[in-house]
Amino acid sequence: MGYFNEEKHNLSEHSNSKYMMAELANICLEELMFSSDSYVCMMEMNMQGYKRLHRYISKIFYDLYLEFQKEAVENFDEAIEAETDFSKYRSKDLKSHLETWNVLLEKHLKKAGEAVKAIFEEHGYISCTAQKLQKILYHNLLKNERALKKFEDSDYSPIVIYEHDRYLHEKIKAKEHYCYDNEEDKM
């Protein structure tokens, strides 16, 4: 049994890994809080598609945060003490919301990349959870940039914006129903 105990790492011995795992968990928390606040903003703007999107994304980031905690406990026998200095987010229009969100996504994508690289250099592996995080951040960034371009090309036509929002609502609704249907199959 000593073999397995020797293979485990202690986060306190690997402060860089501890810091990087905490960084990844903090990204999840910040994105979770941003999406939760954005959910409220979208309700105020009557943007049902973006409201549903932010609720869906909040759940994803919550699950990712828990996965990072699980990974830390399994690999290092210690939970992550994540901290964030996120302040309440408010936006009054969709354009500024998407632009602010893009800035946050770019910052988090860069931090996630640095954390993944540092963990790989120290331990020689890439966390699947970190890859999921990067994929979600990058996907959201691309979708936001496309939406902004679409809105700019139409000179921010309310018709185009509400059509896009309706499309988004139906798309996320279908994703949620697919997820819920699969959850029932597992039970």
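**View 1. Contacts across the chain in the predicted model.** Among contacts between residues at least 6 apart in sequence, 81% join residues at least 24 apart, and the model in which they are counted is a predicted one. The chain holds six helices and zero strands, and buried residues make up 41% of its 187 residues.

**View 2. The salt bridge between glutamate 176 and arginine 55.** The side chains of these two residues meet with N and O 3.2 Å apart, and the pair links distant parts of the chain, since glutamate 176 lies in helix α6 (residues 158-186) and arginine 55 in helix α3 (residues 48-76), 121 residues apart. Glutamate 176 counts as buried because its relative accessibility is 3%, under the 20% limit, whereas arginine 55 is partly exposed at 27%. Arg52 joins Arg55 and Glu176 in a network of salt bridges.

**View 3. The salt bridge between aspartate 153 and lysine 149.** The closest N and O atoms of this pair are 2.9 Å apart, and the two residues are separated by about one helical turn because they lie four residues apart in helix α5 (residues 128-153). Aspartate 153 is exposed, with a relative accessible area of 55%, while lysine 149, at 48%, is partly exposed.

View 4. Leaving aside neighbours within four places in sequence, glutamate 106 is in contact with Leu141 and Glu145. The C-alpha atoms of glutamate 106 and leucine 137 are separated by 8.0 Å, although the residues stand 31 apart along the chain. Glutamate 106 is itself partly exposed, with a relative accessible area of 43%.

Definitions and conventions. Residues are numbered from 1 along each chain as its sequence is written. This is a predicted model: local features need pLDDT of at least 70, side-chain atom pairs count only at pLDDT 80 or more; totals for chains, interfaces and linings use all residues. Side-chain values use heavy atoms; hydrogens and water are left out. Buried means under 20% relative accessible area, exposed over 50%, partly exposed in between (1.4 Å probe, protein chains only). Contact means heavy atoms within 4.5 Å. A salt bridge is a side-chain nitrogen of Lys or Arg within 4 Å of a carboxyl oxygen of Asp or Glu.
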